[in-house]
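Please read these notes with the model open beside you.

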Amino acid sequence: MSSTIVELDLQRPAERAEWQQLLTRLGIHNFSHREVDQIDFTLGLYEDGELVGTGSAAGNILKYIGVCNQASEPGVRFNQIASALIDRLFQQRIFHMLVFTKAQYSASFQHVGFKELAHSDQAALLENGTPDITDFIQQIPRTTQQAEQRVAAIVMNANPFTNGHRYLVEQAAHANDVVYVLVVQTDASLFTTVERVQLVKAGTADLNNVIVISGGDYAVSYATFPAYFLDSPASAIEAQTTLDARIFKNHLAPALNITTRYLGSEPTSRTTAIYNDVLQRELAPTIAVKIIERKQVAAKPISARDVRQLIKTGNLTTLDQLVPLPTAQLIKQRLPQLQARIQKGMKINGN
Amino acid sequence: MEIKTTAIAGTLESSDIQIMLMAGQDGIQIDLESDVIKQFGNQIKQVITTTLQQLNIDNVKVRAVDKGALDCVIKARTIAAAQRALAQTTPAWEVL
């Protein structure tokens, strides 16, 4: 019996069909464009000319891993695929990887060195390599008396940072000794991650108990919560946000002594509304969830989505009411670039 | 010697071991996953530690996933991972 691992080209109809057939047989049925298009490479394990295993990667996230265990000792083919995927990512100098999988497969991944970050009845999220969540938590700045202080956290994409975000941070800053603002790290929004972090820092610079940090791979990232960036069914959002909430509750919050999580009320975005519900269910009672009514201008809640609409139309007359000065300045300076990003297909109706 | 880059060697297949080396500050720290950890855990760690010491690596984080490797395999994989982590191209003959 000869076995080889080769790269599959999913653009070629024959390979794509064989790949999809194998995965379908194994119970994977989601082959929508928004999932498959993310894939950077796909490996296939052939035994005697037959495809018996496969695995893919999108950035540092492993996807579409499936092996047929017929006529094989359980685990052998899985380990071969896992091994090849890890090697391949290391060759690309990607030293940290994550996998989001059904709960029943968590043990298989732990068996090949992955560590579980969180699990629910349905799903599990695991990571491997470096820097891992321990390294991530270690590099977060802390105050000297943090263990005795009241510490709160807010997670935001801030695409871009508005007066609504500012109001939320102010509320938290007044009621707590320290407030962490975790800015979403995934770079999939109209405003780049660098711009978003810069605007949050500039917009909160006068609040000296606010610490702005990146959410890393661990707070609303492509890994923990892909549905935030890709339109997804409610069941997927629910499964992902549950894991996201549990990582926050079990890893980030205890390490930083965070006892309150602040959220903005969510009247319009379905995804964020589900996330808010799940957070309340998962975090209580260990962590208090405070939902702050959205700040309004002209009887309408301030929304970053509306700001993005203004950018699209180029009519910035109401901009100064909606966003703090640094955000307004950046938008005015970079209006042509921002509009070009929208023209090139950057979606602005999501989050 | 300083770890220059995170590196890996070995596979997850039967009779092999996957060794991952990462920069560390606190001596040689080994995180081992193995089905035979009860019987051979200390022995495996000992081989890895000795090999790294012979290569003058004092501070490193090691993730090892063992699938029943013999000592000679553990040593070979550790050397390969170490040379990649140190960005060395010539084999360390004296350690072999």
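1. Thr130(A) is buried, because its relative accessible area is 13% (buried means under 20%, exposed over 50%, partly exposed in between, with a 1.4 Å probe and protein chains only). Thr130(A) lies in the loop between strand E7 (123-129) and helix H5 (133-138) of chain A. Helices (H or I, at least four residues) and strands (E, at least two) are DSSP runs, numbered from the N terminus. Leaving aside residues up to four places away in sequence, Thr130(A) touches Phe95(A), His96(A) and Asp135(A), together with Thr6(B) and Met22(B) of the other chain; a contact is a pair of heavy atoms within 4.5 Å.

2. This is a predicted model, in which local features need pLDDT of at least 70 and side-chain atom pairs pLDDT 80 or more, while totals for chains, interfaces and linings use all residues. Residues are numbered from 1 along each chain as its sequence is written, chains are lettered from A and ligands numbered from 1 in the order written, and side-chain values use heavy atoms, without hydrogens and water.

3. Which bond joins Thr130(A) and Pro131(A)? A cis peptide bond does, with omega about -5°. Pro131(A) lies in the loop between E7 and H5. Another cis peptide bond joins Asn159(A) and Pro160(A), with omega about 0°. Pro160(A) sits in the loop between strand E8 (151-156) and helix H6 (163-175) of chain A.

4. Most residues other than glycine have a negative phi, and most peptide bonds are trans. Ala298(A) has a positive phi of about 55°, and phi of Ala299(A) is near 60°. Ala298(A) is in the loop between strand E13 (296-297) and strand E14 (300-301), and Ala299(A) is found in the loop between E13 and E14. Ala298(A) is exposed, because its relative accessible area is 73%. Ala299(A), at 70%, also counts as exposed.

5. Where do the chains meet? In chain A, 19 residues are in contact with 18 residues of chain B. The two chains bury about 1,500 Å² between them, 50% of it on carbon and sulfur atoms. Buried area is the accessible area (1.4 Å probe) that two parts lose on being put together, summed over both. Ser83(A), Phe90(A) and His111(A) supply 30% of the area that chain A buries against chain B, more than any other three residues.

6. Chain A has 12 helices and 14 strands. A compact globule of 351 residues would have a radius of gyration near 20 Å, and the 22 Å of chain A agrees with that. This radius is taken over C-alpha atoms, and the globule rule is 2.2 Å times the number of residues to the power 0.38. Of the 351 residues of chain A, 54% count as buried. Among contacts in chain A between residues at least 6 apart in sequence, 69% join residues at least 24 apart.

7. Chain B has 2 helices and 4 strands, which follow the pattern β-β-β-α-β-α along the sequence. With 96 residues, a compact globule would have a radius of gyration near 12 Å, and chain B has 12 Å, which agrees. The C-alpha atoms of chain B fill a box of roughly 30 × 25 × 20 Å along the principal axes. Of the 96 residues of chain B, 49% count as buried.
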